[in-house]
Every structure is written in C-alpha cells, then in structure tokens.
Amino acid sequence: MRYDVIVIGGSYAGMAAALQLVRARRAVLVIDAGERRNRFTSHSHGFLGQDGVPPGEIAANARRQLEAYSTLTWLEGRVEGVTGQADGFTVTTSGSGSHRGRRILLATGVADQLPAVDGLAERWGKSVFHCPYCHGYELGQGGIGIVGASPMSIHQAELLTDWGSVTLLANRAVDLSQEARSALERRGVTIEEVPIDRIEEHADVVMADGRLLRFAGLFTATRTTPSSSLAEAMGCALEETPMGSQVRTDAESKTSVTGVFACGDVARAPHSVSLAVGNGAMAGAQIHRSLLWPETIAPVQAEGRAR
C-alpha cells in the first residue's frame with residue numbers, strides 16, 4: 001500500500017496534522033515511538049479545554065478519536081530511515097519492514113539538554129520546569145528559582161516575576177552585564193552568584209557555601225535539539241534559535257527537501273502543547289493542499305526563512 005502521508009511522530013502535533021488529513025479522506029500512516037516530551041509531568045496546563053488533564057490521557061483520547069477514521073493506520077515503532085523523493089518515499093522501521101508514502105511529515109519533537117546539576121534531572125517535569133504558562137500558576141506565587149543555563153535564563157527570570165518572587169541562580173552559566181543586572185533588579189529579581197551544589201527534596205537548592213534555599217518550584221532554560229537524526233539524514237536544513245536547533249520550515253511547514261514537511265516543537269519555538277497542536281493542524285492542511293496542487297510543493301530554501 002502507498003499512503004498519501006506518513007507522519008513520523010504521534011504526539012500532539014503529529015496527531016493534529018493527521019486529523020486534518022484523515023478528515024479529507026486521505027490514507028495516513030502514523031509511526032510513533034511513544035516518547036512524548038511531556039511524559040515526565042503529571043498534568044498539562046494552558047491547553048484550552050484540557051487544562052489540568054494528565055498529558056497521557058490527552059494523548060490517549062486523541063489517538064482513540066483518530067483511530068475512528070478508516071483511513072488512519074497507527075504503527076508503534078521507531079523509524080530507521082527514509083529514502084526516495086516526493087510521491088515515492090520509503091520509510092523503514094525497526095521490526096515492521098518498510099512503508100511507501102507520497103509525503104512525509106516530521107513531528108518527532110525535541111530532546112531537552114538539562115544543566116548538569118545534581119538532582120535536577122530527577123525532578124524534571126515534577127518540580128523543575130521550562131514553561132511558565134504551563135506550570136507557573138500552580139506554584140501559588142511562592143518563591144521561584146531559575147537554574148542558570150544560558151542567556152535565555154535572564155529572560156526567563158524577568159518573565160516569571162508575574163508568578164512569584166524570583167531568584168536567578170546564575171551557577172556560573174549566565175554572564176550578567178550591568179544592563180542585564182539593572183533590568184533584573186527593576187523586576188525585583190534576586191541574583192545569586194554562588195554556584196549550586198545540588199537539589200534536594202521538592203525544590204530545595206543546596207548552595208556551594210552550604211546555604212539551603214527553598215523554592216516552590218524551579219525553572220531552567222534547556223537547550224533543545226531534534227529528538228531524531230532523521231531530518232538531518234534526509235538533508236533537511238536545520239537552524240539555530242535562542243532555544244536550540246530545529247528543522248527549517250516556511251509558513252506552509254515545508255522543509256528544504258521537496259515533499260517533506262515538519263511541525264511541532266521540532267520545527268518551531270516557543271514550545272507548548274497548544275502551540276504544537278495549532279501548528280500541526282496547519283501543517284496537515286498544507287500537506288493536503290500539496291497533494292491537490294503538486295505545483296505548490298517547492299521546498300523552502302536551505303538558506304533564509306519565510307514565516
């Protein structure tokens with residue numbers, strides 16, 4: 001069988017795209033490795049109609065709704081490679097052979113590179129977060145610590161002052177100019193220069209000098225990279241953003257490879273469930289358009305970007 005579209009990645013963006021396509025009665029194969037980025041957190045917030053719902057429940061319900069469409073095929077597995085060209089792609093998976101498709105949609109998501117602080121990784125998604133709109137409200141305007149990671153930590157510290165009293169834990173990872181210091185002070189941010197030794201309990205930070213700083217929650221600016229090397233292996237151009245690297249796309253979700261599209265966190269920033277769903281829905285509609293009018297399929301240039 002040759003599918004109209006093969007969606008690689010069955011999380012929120014991939015499912016949102018697939019929904020538009022199956023509703024256009026297109027044959028869609030979704031291949032999913034089951035590694036949603038927000039699998040570490042217990043509840044999802046900021047997504048209209050699903051606020052406070054466990055992310056696994058949102059994903060499972062979405063999949064059930066998708067599978068009600070007869071043109072949807074769902075395959076649990078990991079993609080090993082993609083060959084071919086528009087209207088003739090072949091996707092090879094681990095353990096389930098190969099599959100043919102006219103278009104490819106990369107919705108593989110990103111991986112978070114966390115600061116190397118003892119105790120941080122174990123609390124990721126539980127008491128250490130990256131998105132204030134997703135997790136800031138639940139901290140009840142308590143103390144918030146920003147674990148320094150990059151220049152983005154300065155922006156994060158300023159932004160989070162609407163959710164509580166903020167302390168920037170520079171941790172030798174943030175270079176603070178006088179201008180940045182002044183801006184943080186105007187927002188009431190406390191700047192802590194002593195390095196972090198470790199994180200304990202819920203969100204207790206033990207400093208290198210032995211002091212214990214207790215917070216309602218911690219935030220850090222992770223660096224993100226595509227969670228799969230597929231895009232790069234296929235020749236899709238990547239680009240750098242303040243948050244990390246992502247697949248270069250245009251306003252129609254086209255990559256630099258003809259017939260290959262990308263959506264969700266792997267192709268846009270900033271990141272959240274609601275933004276991924278919106279971007280995925282638009283990508284699905286644009287892919288359908290490319291099937292109807294093949295002359296519109298010209299890829300985005302490898303250099304430069306149209307949004």
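Predicted model: local features only at pLDDT ≥ 70, side-chain atom pairs only at ≥ 80, totals over all residues.
Which residues does the UniProt annotation "domain: FAD/NAD(P)-binding" cover? According to the unreviewed UniProt entry, the annotation spans residues 3-280.

An open sheet is formed by five strands, arranged in the order E8-E15-E9-E10-E11 with parallel pairing. Strand E8 (128-129) and strand E11 (190-192) are the edge strands, each pairing on one side only. Strand E10 (residues 166-169) runs parallel to E11 and is joined to E11 by three bridges. Thr167 has Thr190 in E11 as its bridge partner. Helix H4 (residues 152-159) packs on the sheet. The helix touches strand E9 (144-147), E10 and strand E15 (217-220), and the direction of H4 makes about 170° with that of E9.

The loop between H4 and E10 contains Trp163. This residue has a relative accessibility of 17% and therefore counts as buried, the cut-off being under 20%. Leaving aside residues up to four places away in sequence, Trp163 touches Pro132, Tyr133, Gly136, Tyr137, Gln141, Gly142 and Ile144. Ala231 is 68 residues from Trp163 along the chain, and the C-alpha atoms of the two residues are separated by 37 Å.

Conventions: Residues numbered from 1 in each chain as written. Heavy atoms only, no water. Pairing = 2+ DSSP bridges. Helix = DSSP H or I, 4+ residues; strand = E, 2+ residues; numbered from the N terminus. Contact = heavy atoms within 4.5 Å. Axes fitted to C-alpha atoms, helices over the stretch in contact; angles between N-to-C directions. UniProt positions renumbered as here; feature names shortened; annotations may be inferred. Buried < 20%, exposed > 50% of the residue type's maximum accessible area, 1.4 Å probe, protein only.
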